[in-house]
Amino acid sequence: MLSWNVGNATITSVVESETPTSPRFLYKDMGKIDVLERAKRAPWLRPSFVNDEGYLLQKIQCLVVELGDLKIAVDTCVGNDKQRTNELWANLDGPFLADMDKAGYPPDEITHVVCTHLHVDHVGWNTRLVDGQWVPTFPNARYIFVDAEYSHWRNQPSLFHGEDPFADSVAPVVDADLVDMVAPDHRLSDEIFFESTPGHTPGHISLVVESEGDRAIITGDMLHHPMQLADPTLSSMFDTDPVESRATREKMFPRWADGETLVIGTHFGTPTAGRLVADGDGFRLDWS
Ligand SMILES: [Zn+2]
């Protein structure tokens, strides 16, 4: 289990799944040969983030930030028992909750749930199925949603037949009065706060942890794969506004590339995090 110390905070990765992913799933018209070409120009991408065949090495994980009394679960993966059109995500029966226990974070001790955005692979464990009902997985937590993000998805019809992550993973925690709707510059404490990173979705945020002079960023999906550090112009097919998501990366990466900021990529394969440094026209991660 990966974890990082950031001043007085610890950030622990609880992985739900880890899968080599076809680049075409994330990037329009990008084949595996194209990925290998990109990795030639940015050799640090291999073998951790790109395999020999040109697949992207991705994971779906919850990042738990612990600092003082706060235990914050950031992004709650796909979840078990959900009806999903993507067969990799449909009707899962995985050990995620047992893994949270093993990591030292039983669900009833989580104080806050933060969703960087409300996509299907970031809200799933907000709820679990008990006696045919979706109930909050983290009953003692406040769930923190950005107001603009919530309003956007509340007004969208379900994207796929039979799949409605808003209804099974967002609405039930709202109905249970566990949600605080906040602005995209919300602060959870002096040391833990949101940074607005829109484009992937309208109310998307990244989470910043600053403690004792150390600094870490949990990216969410303002990028999906480290190739986008090497080439910040590259937007994912899942970006609501790919022009805005590019502008967000081009604004944020230079700020984070001070050689000291630990960038933790929500979907990055192991090692998942590193210091961001400038490299040619783009950036690279340094985890040595
Ligand atoms: Zn995602």
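These legends go with a set of close-up views of a predicted model. Residues are numbered from 1 along each chain as its sequence is written, and side-chain values use heavy atoms, with hydrogens and water left out. Because the model is predicted, local features need pLDDT of at least 70 and side-chain atom pairs count only at pLDDT 80 or more, while totals for chains, interfaces and linings use all residues.

**View A. Arg38 and Asp231 pair up in a salt bridge.** The closest N and O atoms of Arg38 and Asp231 sit 2.9 Å apart; a salt bridge here is a side-chain nitrogen of Lys or Arg within 4 Å of a carboxyl oxygen of Asp or Glu. Arg38 belongs to helix α2 (residues 32-41) and Asp231 to the loop between α7 and α8, so the pair ties together parts 193 residues apart in sequence. Helices (H or I, at least four residues) and strands (E, at least two) are DSSP runs, numbered from the N terminus. Both Arg38 and Asp231 are buried, with buried meaning under 20% relative accessible area, exposed over 50%, and partly exposed in between (1.4 Å probe, protein chains only).

**View B. Glu109 meets Lys71.** This salt bridge spans 3.1 Å, N to O. Glu109 comes from the loop between α3 (96-102) and β5 (112-114), Lys71 from strand β4 (residues 70-74), so parts 38 residues apart in sequence are tied together. Lys71 is buried at 17% relative accessible area, whereas Glu109 is partly exposed at 39%.

**View C. Arg246 and Glu250 share helix α8.** Their side chains meet in a salt bridge (3.1 Å, N to O). The two are four residues apart, so about one helical turn separates them. Arg246 is partly exposed at 36% relative accessibility, and so is Glu250 at 38%.

**View D. Cysteines without a bond.** A search of the whole structure turns up zero disulfides, a disulfide being a pair of cysteine sulfur atoms within 2.5 Å. For Cys77, the nearest cysteine sulfur is that of Cys62, 5.6 Å away. Cys77 is buried at 0% relative accessibility. The sulfur of Cys115 is 9.2 Å from its closest cysteine sulfur, in Cys62, which is too far for a bond. Cys115 is buried too, with a relative accessible area of 4%.

**View E. Asp185 in its loop.** Look for Asp185 between β9 (179-182) and β10 (192-196). Asp185 is exposed, at 57% relative accessibility. Asp185 and Ile205 are 20 residues apart in sequence, and 8.3 Å apart in space, C-alpha to C-alpha.
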